[in-house]
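I opened the model to look up a few local features. My notes follow.

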Amino acid sequence: MFVLKLIIRNTFRHPLRSLLTVAGVAIAVLAFGLLRTLVELWYLGAETSSSTRLITRSSISLVFSLPISYRDKIRQVPGVTKVANANWFGGVYKTEKNFFPNFAVSGNYLDLYPEFALSSEERAAYQRDRKGAVAGRKLAAKHGWRVGDQLTLKGTIFPGQWDFVIRGIYHGAERTTDESQFFFHWDYLNETLKRSVPRRADQTGIFLIGVKRPEQAAEVAEAVDGQFRNSLAETLTETEKAFQLSFVAMTEAIVIAIQIVSYVVIVIIMVVAANTMAMTARERISEYATLKTLGFGTFHIGGVIFGESLAISIAGGVAGIVATFPAAHWIEAELSQFFPVFHVTRETVLLDLLAAVIVGAIAGLFPCWRSATIKVADGLRRIG
């Protein structure tokens, strides 16, 4: 009990120094938590992908389209339950800074994505209206859209002014579901292209395939690609997770750099905290020598120093963890076009706390050993 009281008293002996150290650890833990969340976000699409969904695209590149006639042939492959198709539209709402993902999709697209929750009434209204569109909850809130509102997107990949009517606003069935996307009928896009640019009609970017069981995925993928082997438009079929990871692989160097920076931040604050604790222990050498003359052992003296270091570091860690949640909420709200989901996971919180403990333990290690092993005579001779 005496040691605990001494730890508390020593922690607040220099309030400004302790406060600045706590603030430094808090900022470092906050930065570490946000950077780790950013790394997790990079893999979010792959982690939340369904094991019963496959993606078929051109074997050359995503920029090459596939004939829509492939859809009926894919549907005949054993094990396939549903086949939908989608095109990246790339439309602009008012100005380029209002970027959001927008897709032209087939009528059964939402059947393959139950995580996009939409009421039966809104889904029926969307299916009836050829110019109908479905927007995510966050996207609609950002632009003030309501069901029944009309809007126009300026085409980039498909030039022209494209008019839509919001017929539904979906919300995510899971916390990690992206609620910033925009969907409309592929038939509307295709019919318009038939009139304006016939050579671009009856083409789609990707096919989305539903399979009965996850273990059938490899077999179905091989069968689908086998159908179109040696054709003018060969295909590459892979699981949704592999498809998402292919995008991550393009920016893997950035992910590695972010991970390195997150650890460098912790190392820097560890050095700062170690210097603070070393300075604190040096100032109190004579006090520790006095405690030894009163019968306190090495364990007690080392525990006081080590406990003070841990107390300051954990206090900073807790403050950093608490600040992480409003910071993540702000990022998700203000930077939704870049980070539609910025969710701090339990694993990240535990890593933050572990980082704070490690900082406190290593920062207090050398001062603890130095003060606990100093001879009484040497300690009493020290001044300052």
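I call a residue buried under 20% relative accessible area, exposed over 50% and partly exposed in between, with a 1.4 Å probe and protein chains only. I am working on a predicted model, where local features need pLDDT of at least 70, side-chain atom pairs count only at pLDDT 80 or more, and totals for chains, interfaces and linings use all residues. Residues are numbered from 1 along each chain as its sequence is written, and side-chain values use heavy atoms, with hydrogens and water left out.

Entry: Asn 190. I found Asn 190 in helix H7, residues 186-196 (helices are DSSP runs of H or I, at least four residues, numbered from the N terminus). I put Asn 190 down as buried because its relative accessibility is 6%. Its side chain reaches the backbone nitrogen of Asp 202 at 2.5 Å. Beyond its neighbours within four places in sequence, Asn 190 is in contact (heavy atoms within 4.5 Å) with Ala 201, Asp 202 and Gln 203.

Entry: helix H9. In H9, residues 240-250, I noted Glu 240, Phe 243 and Val 248 as buried. They lie on the same side of H9, because their arc around the axis is only 145 degrees, taken from the directions from the helix axis to the C-beta atoms.

Entry: lining of the second largest pocket. A pocket here is an open set of points on a 1 Å grid over the protein atoms alone, where a 1.4 Å probe fits, with protein on both sides within 12 Å along at least five of seven lines; lining residues have an atom within 4 Å of a point. I listed its lining residues, among them Thr 37, Tyr 43, Thr 176 and His 343. Helices H2 (15-42) and H3 (44-47) each give two or more residues to this lining. H2 supplies the largest share, three residues.

Methods:
A polar contact is a pair of N or O atoms within 3.5 Å; within protein, one must be able to donate a hydrogen and the other to accept it, and residues adjacent in sequence count only if both atoms are side-chain atoms.
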